[in-house]
Amino acid sequence: MASEAAFIAALRAIATSPAARGLEDDAAVLHLGGTRLVLTMDTVVEGVHFLAEDPADTVAWKLVATNVSDLAAKGAVPRGCLLSYPLAQDSSWNCAFLAGLRSACEHFAIPLLGGDTVREPAPSARSFALVALGEPRSEAPVPSRSGARAGDDLWVSGSIGDAGAGLAILCGQADADPPSRAALVAAYRTPRPSVALGVAIAPLVSAMMDVSDGLLIDAARLARASRVAIEIDLDAVPLSPAFRHAKGEDLAARLFAATAGDDYQLLFAAPRAQEPTLLAHATEHDRPLHRVGRLSAGEGLQLAYNGQRVPLPASLGYEHQS
């Protein structure tokens, strides 16, 4: 059982509660009396999700943001979080982490409710986990990955590829002018998912998730869960000016952006009739939305560029084990 997909498939025999949603979603949805609780947990690991030299405060921010991103994709308002923290041997690192944690919790309005601390063995790669709890608006649906329908449009929020370009810069694989460099590195270290936009558009979408492992691989997961086919126009994938400066905007750059991951933008399917309302919410919350593809009967993922079909790349995005 070497692959992540195979391991998750095996877990489904254990996670039989309806709240688990068959382990095919970003979060669990627990019904408690007259309300619902959205629960998610993300872990960040040194060398996988952040670099050893990343500042401690940005590691804490990213840990909170990745969890908040899952809540945003479920249209849930953050209500609290629980932290699992291995105490570092370096007390200054612990203090900097706490400063970043406080800043992130305040920014995303998610109170820290408790958690657990353990002693970090030395030397070892650092690893941190956070459980986040959220509450959807009363009567509003909690979008899953599995509700998309043939005929829907595929949308993303914000821009795609910035975090991947930021990582490439930090690894010496790309460069940019100082303002672009700063923006791209910030996208990698301190992502800013939009809870307000997720909550606003949740009643309008057929399916929604966040882009964490890469636009292509996450779109393929949405297609598989919804049992539809998805075609993405690479021309329409939104690239920021900073990304264009660092990586360009040709086909290779767009494939890089669409497979890099760590975007923490919203990815959703919605009927064409919802477009005016979706765009109004995007304006209200100052987070642009971009239609990047369409859904049809069938299965799988297809790509187009300049009106021509493009073969799928060897890797659609990040997987812990393939």
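This is a predicted model: local features need pLDDT of at least 70, side-chain atom pairs count only at pLDDT 80 or more; totals for chains, interfaces and linings use all residues.
## The nonpolar cores

Ile110 is also among the residues with the most contacts inside the largest nonpolar core, together with Val64, Phe97, Phe128 and Phe268. This core comprises 47 residues. Two or more residues are given to it by each of strand 2 (35-45), helix 2 (56-73), strand 3 (76-87), helix 3 (91-107), strand 5 (127-136), helix 6 (195-201), strand 9 (265-270) and helix 10 (275-284). Helix 2 supplies the largest share, 11 residues.

Five strands form an open sheet in the order 1-2-5-3-4, and their pairing is mixed. Strand 1 (28-32) and strand 4 (112-119) are at the edges; each has a single partner strand, so one side of each lacks a neighbour in the sheet. From one strand to the next, the twist averages 20 degrees. Strand 3 and strand 5 run antiparallel and are joined by eight bridges.

Two helices lie across strands of this model. Helix 2 lies across strand 2, strand 3 and strand 5, at about 145 degrees to strand 2. Helix 3 lies across strand 3, strand 4 and strand 5, and runs at about 175 degrees to strand 3.

## Helix 4 and its cover

Helix 4 (residues 162-170) is mostly covered. Seven of its nine residues are buried, namely Asp162, Ala163, Gly164, Ala165, Gly166, Ala168 and Ile169. Just after helix 4, Gly172 adopts a positive phi of about 75 degrees.

The axes of helix 4 and helix 5 (residues 178-189) come within 7 Å and cross at roughly 105 degrees. Helix 4 is therefore roughly perpendicular to helix 5. On the side of helix 4, the contact is made by Asp162, Ala163, Ala165, Gly166, Leu167, Ile169 and Leu170. Helix 5 contributes Arg181, Leu184, Val185, Ala187, Tyr188 and Arg189. By class, this contact has nine nonpolar, one polar and three charged residues.

How values were computed. Residues are numbered from 1 along each chain as its sequence is written. Side-chain values use heavy atoms; hydrogens and water are left out. A nonpolar core is a set of buried Ala, Val, Leu, Ile, Met, Phe, Trp, Tyr and Cys residues joined through side-chain atoms within 4.5 Å. Buried means under 20% relative accessible area, exposed over 50%, partly exposed in between (1.4 Å probe, protein chains only). Helices (H or I, at least four residues) and strands (E, at least two) are DSSP runs, numbered from the N terminus. Axes are lines fitted to C-alpha atoms, for helices over the stretch in contact, and angles run from 0 to 180 degrees between N-to-C directions. Angles under 35 degrees count as roughly parallel, over 145 as roughly antiparallel, 65 to 115 as roughly perpendicular and the rest as oblique. Contact means heavy atoms within 4.5 Å. Ala, Val, Leu, Ile, Met, Phe, Trp, Tyr, Cys and Pro count as nonpolar, Asp, Glu, Lys and Arg as charged, and the others, Gly among them, as polar. Two strands pair if DSSP finds at least two bridges between them.
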